[in-house]
Amino acid sequence: MKLLLPIDASQHTADAVDYLKRLRPALAGTPQVLCLHVTYDLPATNELTVAEQARKVLREDDLDFGPERIVADLNQAGFQATLQVAEGDAVEQIIRHGDQSDLIVMGSHARGTLTQALTGSVSTKVLAEGRTPVLLVK
């Protein structure tokens, strides 16, 4: 079984990881988990400029939450976990990588319906636009 786990520094990611670990005994074989972290999509430049330096800093700061620890934790729990970092729109990247997975497991911010109606959410958009089944953990 191939699972996609979008990850970030939120408690919602931690909740999804914890749920997956509790679910592990019910899963046959050694499930593969692709931990996907999507970074900011900044415009590219032709030379090393302040914008390029800012992009590098953003990527480094964005990864400070310790995605490698999440991968190691899942591997220790009996998964075959790997990490991939992608740049761009989170919804597009999750759907693209989800197309190669059997299931997307996502933490949900579980915002109220008014907030969701005004701003939308990544999980809502993935549910609406993607073709892969999604398990939301809140």
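# Briefing on a predicted single-chain model

The chain has 6 helices and 5 strands, where helices (H or I, at least four residues) and strands (E, at least two) are DSSP runs numbered from the N terminus. From the N terminus on, these elements follow the order β-α-β-α-α-β-α-β-α-α-β. This is a predicted model, in which local features need pLDDT of at least 70 and side-chain atom pairs count only at pLDDT 80 or more, while totals for chains, interfaces and linings use all residues. Residues are numbered from 1 along each chain as its sequence is written, and side-chain values use heavy atoms, with hydrogens and water left out.

**Confidence**

- The chain has a mean pLDDT of 83, and 73% of its residues reach 70 or more; pLDDT is the predictor's confidence in each residue, from 0 to 100.
- Where pLDDT is low, the predicted coordinates should not be read in detail.

**Surface and contacts**

- Of the 138 residues in the chain, 38% are buried; buried means under 20% relative accessible area, exposed means over 50%, and partly exposed lies in between (1.4 Å probe, protein chains only).
- The accessible surface of the chain is about 8100 Å², and carbon and sulfur atoms account for 52% of that surface; the areas come from the Shrake-Rupley method with a 1.4 Å probe, and for residues only the protein chains shown count as cover.
- Among contacts between residues at least 6 apart in sequence, 77% join residues at least 24 apart, a contact being heavy atoms within 4.5 Å.

**Salt bridges**

- The whole structure contains 2 salt bridges, each defined as a side-chain nitrogen of Lys or Arg within 4 Å of a carboxyl oxygen of Asp or Glu.
- Lys21 is partly exposed at 29% relative accessibility, and Asp73 is partly exposed at 27%.
- Another salt bridge joins Arg131 and Asp99, whose closest N and O atoms are 2.8 Å apart. This pair also links distant parts of the chain, 32 residues apart: Arg131 is in the loop between helix H6 (122–129) and strand E5 (134–137), and Asp99 is in the loop between helix H4 (90–98) and strand E4 (103–107).
- Arg131 is exposed, at 69% relative accessible area, whereas Asp99 is partly exposed, at 37%.

**Rings**

- Arg24 lies over the face of Phe79, 5.7 Å from the ring centre; a charge sits over a ring if NZ of Lys or CZ of Arg is within 6 Å of the ring centre and within 35 degrees of the ring normal.

**Two loop residues**

- Pro25 lies in the loop between helix H1 (11–23) and strand E2 (32–39). Pro25 is exposed, with a relative accessible area of 71%.
- Pro25 and Gly78 are 53 residues apart in sequence, and their C-alpha atoms are 8.9 Å apart in space.
- Ser108 is found in the loop between E4 and H5. Ser108 is buried, with a relative accessible area of 11%.
- Leaving out residues up to four places away in sequence, Ser108 touches His12, Ser123, Leu136, Val137 and Lys138.
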